[in-house]
Structures are given as structure tokens and as C-alpha cells.
Amino acid sequence: MGYLESRKNIAGSAGGLLGLALTFTEVAGPYWPVVVAGLYGAGALIAPPERPAPPDFPDPSAQLDEVRGDFETLRAYLADVELSVTAAARLRELTDVLTALLDRGWVAELLAHDPESVHVLSRIVRRDLPEAVDTFVRTRWWDRMGPGSESPELHLERQLGLLSKETEQLSAGLRETEARRQETHTRYLEERGGTS
């Protein structure tokens, strides 16, 4: 059934119809079956090959919805973890920025057009932040067994600081994109005003 709708069959059928037209105008003569079959074969050979449909991946806005759901799950997990005052403050700053970035509205519209930023957010929410906190929780337990090593709290604070820096860079990039968009629109309006 797929071949009947294929480009090769359609092009071959067009060639076969041309062969029948030649037969009815008596150009093909007694060899009309060979002419019709030959033109069908030629049409089928020169037809472009079938192109498979590209995969239908979710767009960045759908991916952003999934990241939002994962972030809510992560926040529930983080609420149950005991942290030092400094680490808790850094975590709160980080989750505030993530909340603002994942909030629905104009930021989400900007992110929907920037798959790389969606990937960065996804990586932070799904891998980097949970791994940092989970490693801290496990290491802190082992640290009680063998004191004297570097404090797991210090590592967690550094990791949270690095993640905060990454989200701030992401936020700054989005602000810069909006600023360029505003400048471009201003230039457009000035040029339009100058020509009318």
C-alpha cells in the first residue's frame, strides 16, 4: 500500500500514461506494451527517493513544562534536607532564581526560543543540584565516622555558589537578549519614521 502512494509509483504512472497517450496517437505502434512499461520504469527510476519523516521531538516549551514539574519534585526533596545556615541561604538564593526562570510568562517565552538555556536549566534541576545535595547528605554521614577531612558543608556551599553563578549568567543572557530586542525595535521605529 505504501508503494502505491510513493513518489516512484506516481512518477512511473505518469510515464505510463504518457506511453498510453503515445499508443492512442499511434506513435508507439505494435510495440506499445514495451513503450508503456519502459516509460513507467523510466519514471520510477528518475523519481526522487522517499524521504523519511523527521522525528517529532518535543519543542522547548514542552520541555520547559517537564522541567517545571521536576523542579517542584526537587523542591519537595530539598525541604526535607538539613543544611547549615550558610548552605541553606545559598540554596534559597539559587531556588529563587530557578523559580523566576521557570515561572510562566515572558521569561518562559524567551526560554522557549532558546533550547540551550532550557538544556542548562534541565541539567541544573535534574542532575547538578540534586547530586550536590545528595552527595552532601551521604558524605556528611561518613564524615561523622572519620572526622578530620574537609567539611562537606564547604563543598556544598561552593557547589551551590557555582550553580548560582551559572543561573545568574543564564538570567543575564536572557536580559541581554531582551535589551537587544528592544534596541532593534527602537532602530526599526526610527528608520520607519525617517522614511515616511
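**View A. Arg 104 and Asp 65 pair up in a salt bridge, 3.1 Å from N to O.** A salt bridge here takes a side-chain nitrogen of Lys or Arg within 4 Å of a carboxyl oxygen of Asp or Glu. This one ties together distant parts of the chain: Arg 104 sits in the loop between H4 and H5, Asp 65 sits in helix H3, and 39 residues separate them. Helices are DSSP runs of H or I with at least four residues, numbered from the N terminus. Arg 104 is exposed, at 57% relative accessible area, while Asp 65 is partly exposed, at 38%. (Buried is under 20% relative accessible area, exposed is over 50%, and partly exposed is in between, using a 1.4 Å probe and protein chains only.) Keep in mind that this is a predicted model, where local features need pLDDT of at least 70, side-chain atom pairs count only at pLDDT 80 or more, and totals for chains, interfaces and linings use all residues. Residues are numbered from 1 along each chain as its sequence is written, and side-chain values use heavy atoms, with hydrogens and water left out.

**View B. Asp 70 forms a salt bridge with Arg 126.** The closest N and O atoms are 2.5 Å apart. Here helix H3, with Asp 70, is linked to helix H6, with Arg 126, across 56 residues. Asp 70 is partly exposed at 32% relative accessibility, and Arg 126 is partly exposed at 39%.

**View C. Arg 123 and Asp 128 belong to a salt-bridge network.** Their side chains meet at 3.5 Å, N to O. Arg 123 is partly exposed at 22% relative accessibility, but Asp 128 counts as buried at 17%. The structure holds 10 salt bridges.

**View D. Glu 157, in helix H7, is buried without a salt bridge.** The nearest side chain of opposite charge is Arg 90, 5.4 Å away. (Lys and Arg count as positive, Asp and Glu as negative; His and the chain ends are not counted.) Leaving aside neighbours within four places in sequence, Glu 157 is in contact (heavy atoms within 4.5 Å) with Ser 84, Thr 86, Ala 87 and Arg 90.

**View E. Leu 129 sits among the residues with the most contacts inside the largest nonpolar core.** That core has 30 residues; such a core is a set of buried Ala, Val, Leu, Ile, Met, Phe, Trp, Tyr and Cys residues joined through side-chain atoms within 4.5 Å. Helix H6 gives the largest share, 9 residues. Beyond its neighbours within four places in sequence, Leu 129 is in contact with residues including Leu 74, Leu 98 and Leu 160.

How values were computed. Helix = DSSP H or I, 4+ residues; strand = E, 2+ residues; numbered from the N terminus.
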